[in-house]
Amino acid sequence: PYTTLFRSVAATPTEAKADSQSEMNPAPAPLFQELNISSKTEPKKLMRAMVAIFNRGERAVDLVLIDPRYKHTFMYALVLMPSNFKASAQVLVRRRDRRLRVRVTQHFVPPKDPEQTRVDTIRVAKTANVTKVGTLLKNKFVDVIGTNLQRTVKLQFQGKETASLALISIENAGRLAYRELSFVPRFIELAVAPSPAADSEDGSEGADPAQ
């Protein structure tokens, strides 16, 4: 809990002058337009709002989570974005309000690593530990001394709960790796089970995947 203390004394001329200057100079506006995500936010309407902002010439838009129970709305709205915008997202550092913020940027071209022969896939289950998944992601991008490794890793998940876990895992990975990580959600319908060689959510190799 926080306690706020107020002084019940008359303000001095210097304090009165500072207050008047603060009223004349309000807090700076955010760098990009912000859209709030609450329990009433629908992914399709959020997608349309982002498209409208991009059509006005804006380069990016910030999504601010008001209700922490609806982290999956980030993923579901980004999946619906038209492909011509080439939208990508990045989890921002949390501010004093501790709200989750995601910056969506258009016309993102992911870097390609010519030495990368394959892209590792990490499956996220409902029981996944976001700290372990974040550490596993971090180990894919950088080693213990900070040397850059892979450029791309795939996260595979299904449903709202796992989408929320995947987003927090990405946030943890960026914090642990001291890197800015961008992600692009996509909807993929699988006809067969993934390869057993893929990593599981707890970091074990070769776990038997669920159908």
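Helices (H or I, at least four residues) and strands (E, at least two) are taken here as DSSP runs, numbered from the N terminus. The model is a predicted one, so local features need pLDDT of at least 70 and side-chain atom pairs count only at pLDDT 80 or more, while totals for chains, interfaces and linings use all residues. Residues are numbered from 1 along each chain as its sequence is written, and side-chain values use heavy atoms, with hydrogens and water left out.

Next, the chain as a whole. Of its 211 residues, 35% come out as buried, where buried means under 20% relative accessible area, exposed over 50%, and partly exposed anything in between (1.4 Å probe, protein chains only). The protein chain exposes about 14,500 Å², with 53% of that supplied by carbon and sulfur atoms; the areas come from the Shrake-Rupley method with a 1.4 Å probe, and for residues only the protein chains shown count as cover. As for contacts (heavy atoms within 4.5 Å), take those between residues at least 6 apart in sequence: 71% of them join residues at least 24 apart.

On to the charged pairs. Side chains of opposite charge can pair when their charged atoms come close. Searching the whole structure turns up six salt bridges, each being a side-chain nitrogen of Lys or Arg within 4 Å of a carboxyl oxygen of Asp or Glu.

One of the six pairs Arg103 with Asp62, and their closest N and O atoms sit 2.7 Å apart. This pair links distant parts of the chain, since Arg103 belongs to strand 4 (residues 101–105) and Asp62 to strand 2 (residues 60–65), 41 residues apart. Asp62 is buried at a relative accessible area of 1%, whereas Arg103 is partly exposed at 21%.

Another salt bridge joins Asp120 to Lys140, with 3.2 Å between the closest N and O atoms. Asp120 lies in the loop between strand 4 and strand 5 (121–123) and Lys140 in helix 4 (residues 130–141), so the bridge ties together parts 20 residues apart in sequence. Asp120 is buried, with 6% relative accessibility, and Lys140 is buried too, with 12%.

Arg69 and Asp67 also form a salt bridge, their closest N and O atoms being 2.7 Å apart. Here Arg69 is exposed, with a relative accessible area of 60%, while Asp67 counts as buried at 13%.
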